[in-house]
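Subject: Structure handover

Hello,

My notes follow below it.

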Amino acid sequence: MGPSSPSTSRNTRPKHLQTMATTDNDNDTTGMPEASLFQATHTADDATSLTDGVLLNTPNTCNNPNVNKVILPWIGFGTYKLGKEVAYEAVLTALECGYRCIDTAFIYGGETTERLVGNAIQTAIHDKKILSSRKQVFVVTKHWRKYHGYEETLQCLKLSLKRLQLDYVDLYLMHWPGPAWKTMNRRNDVIESQGPWHYAKDNLQPEEMARLRSETWRAMEDAARQGKCKSIGVSNFTVEHLKALKQTATIWPPAVNQVEFHPLYPQTELLDYCRQEGIVLQAYASLGGQDTGKKQWNKLALEALPPTITTTMDSQDGDASNNHKRKKQKKQKLRDTVVSLLSCRPVVAMAQKQQVTPAQILLRWALSQNCVVIPKSTSKERMIENAEVLSFALTVDEISEITTSVQQSITKSLSENQANNKELNEVDISTMERCGIGAMGRLCWRNDPLRQLDFD
């Protein structure tokens with residue numbers, strides 16, 4: 001389903017930023033989100049509230065359309081790399097701002113974030129009275145790869161539920177389609193000579209991975225049938241991984257595939273396949289993620305267009321008896337190339353056209369393709385700003401304009417760098433030969449030797 005035209009209410013504060021009204025439904029024992037709170041919309045462009053979402057394909061809705069449905073909010077709150085010191089307060093603040101979907105994972109924060117998310121939810125229900133019941137928040141968590149296998153997966157979910165202090169999660173995802181590692185101290189020379197699978201846990205071989213994933217999925221299917229998760233899905237799966245899983249799955253399709261998705265890494269083929277199969281694509285790293293440093297941005301060499309910003313600076317008037325603040329215009333220093341997707345020329349240009357921020361353009365770029373987003377921030381102001389993307393939309397042509405411009409830029413700059421032997425190393429060149437130039441737009445999982453997911 002294509003995106004609709006931009007909304008005329010672009011600069012008004014939408015209703016989802018008002019305090020959420022709650023009702024006591026604790027006598028309801030279905031364990032499902034309350035129908036009056038979570039509402040399904042036909043597209044993300046139709047959403048006006050942080051409780052509006054997409055109807056997921058689940059075992060119940062596939063077999064019995066009359067049962068309570070699982071609705072994933074179009075905008076959730078992410079918790080990756082929030083930090084132990086701020087995760088609890090950030091989640092609580094997000095709930096106060098009206099967010100009703102929290103995305104976390106077993107491995108986040110060195111296996112500490114789930115507990116902090118659980119604590120925040122309990123505080124929101126019992127102390128702050130932000131939520132009247134557990135059913136008013138949609139919780140997503142993820143299985144970790146060192147627990148691949150049937151029994152191991154059930155144990156991983158059990159630990160997650162204990163940390164979250166919950167009886168069930170609304171969505172449980174297989175976090176990574178590849179193996180766990182024997183050690184994080186992997187030597188590049190060994191990987192170059194023997195391949196990355198040399199370091200795979202239990203000496204796992206590439207041809208065994210699909211079978212192991214199917215065992216993990218089988219455990220997730222059983223957990224869903226037992227009510228420990230209302231829906232199940234995957235993360236970081238390619239088209240080939242999904243096709244392999246389909247051959248053995250008894251619950252199909254996965255409700256969600258959560259993947260890196262932004263104009264530098266648009267994954268068009270994957271998006272088309274997910275739409276065809278009825279899988280919702282959930283975007284992470286919509287703003288470019290946190291795993292890419294200046295060195296990688298220099299390789300991409302995208303043209304920057306920083307916006308002009310206005311700041312209020314303290315200044316003394318000539319009259320000592322009349323001290324006051326004077327507004328001064330401060331122009332941000334112009335860089336030749338970007339060090340963030342937020343300063344990429346096509347993104348900034350579209351933000352200026354729409355009179356919104358670059359971050360809002362990047363979130364809307366995914367939403368207007370009917371992809372769910374999970375931005376994160378420790379700032380209440382940024383949380384509100386991110387939610388206000390529901391106040392406007394991008395047309396099909398505007399989405400294409402951003403994507404095409406960014407992809408043309410990356411192709412041009414990388415081709416020139418390769419021809420001139422500048423910036424790119426042997427790993428980069430090998431990646432482009434195996435996976436194409438577009439693979440260099442992948443910004444996340446920088447330290448994983450299988451980050452390009454080019455395995456069965």
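Is Phe-455 buried or exposed? Phe-455 is buried, at a relative accessible area of 8%. Buried here means under 20% relative accessible area, exposed means over 50%, and partly exposed is in between (1.4 Å probe, protein chains only).

Ground rules. This is a predicted model: local features need pLDDT of at least 70, side-chain atom pairs count only at pLDDT 80 or more, and totals for chains, interfaces and linings use all residues. Residues are numbered from 1 along each chain as its sequence is written, and side-chain values use heavy atoms, with hydrogens and water left out.

Confidence

pLDDT is the predictor's confidence in each residue, from 0 to 100. The protein chain averages 86. At least 70 is reached by 83% of the residues. A contact means heavy atoms within 4.5 Å.

The sheet

Helices (H or I, at least four residues) and strands (E, at least two) are DSSP runs, numbered from the N terminus. Two strands pair if DSSP finds at least two bridges between them. Eight strands make an open, parallel sheet, ordered E4-E5-E6-E7-E8-E9-E10-E13.

Some pairings in detail:
- E5 (residues 101-103) and E6 (residues 138-143) share three bridges, in the parallel sense. Asp-103 stands opposite Val-140 in E6.
- E8 (residues 232-235) and E9 run parallel, joined by two bridges. Ser-235 faces Gln-258 in E9. From E8 the chain crosses through helix H8 (residues 239-246) to E9, a right-handed β-α-β crossover. Right-handed means that, with the strands pointing away from the viewer, the path from the first strand over the helix to the second runs clockwise.
- E9 and E10 (residues 280-284) are parallel too, with five bridges. Val-259 has Ala-283 in E10 as its bridge partner. Helix H9 (residues 268-277) carries the chain from E9 to E10, again in a right-handed β-α-β crossover.

Buried elements

Strand E9 (residues 256-260) has five of five residues buried, so the rest of the structure largely encloses it. Helix H12 (residues 358-367) is also largely enclosed, because ten of its ten residues are buried. Among them are Arg-364 and Trp-365. The cover over H12 includes E10, helix H11 (345-354), E13, helix H13 (380-387) and helix H14 (396-419).

Rings

Rings of Phe, Tyr and Trp (its six-membered ring) pair if their centres lie within 6.5 Å; planes under 30 degrees apart are stacked, over 60 edge-to-face, and the rest tilted. That rule gives seven aromatic pairs. Trp-144 and Trp-445 are stacked, 6.3 Å centre to centre with 15° between the planes. Trp-144 sits in the loop between E6 and helix H5 (150-164), Trp-445 in the segment after helix H15 (426-435), 301 residues apart. Both are buried. Trp-197 and Phe-455 are edge-to-face, at 5.8 Å and 80°. Trp-197 is in the loop between helix H6 (188-194) and helix H7 (209-225) and Phe-455 in the segment after H15, so this pair ties together parts 258 residues apart in sequence. Trp-197 is buried at 12% relative accessibility. Ring pairs also link Trp-144, Trp-176 and Trp-445 into a cluster.

Charges over a ring

The criterion: NZ of Lys or CZ of Arg within 6 Å of the ring centre and within 35 degrees of the ring normal. Arg-134 lies over the face of Tyr-168, 4.1 Å from the ring centre. The charged end of Lys-230 sits over the ring of Tyr-168 as well, at 4.7 Å from its centre.

Best wishes
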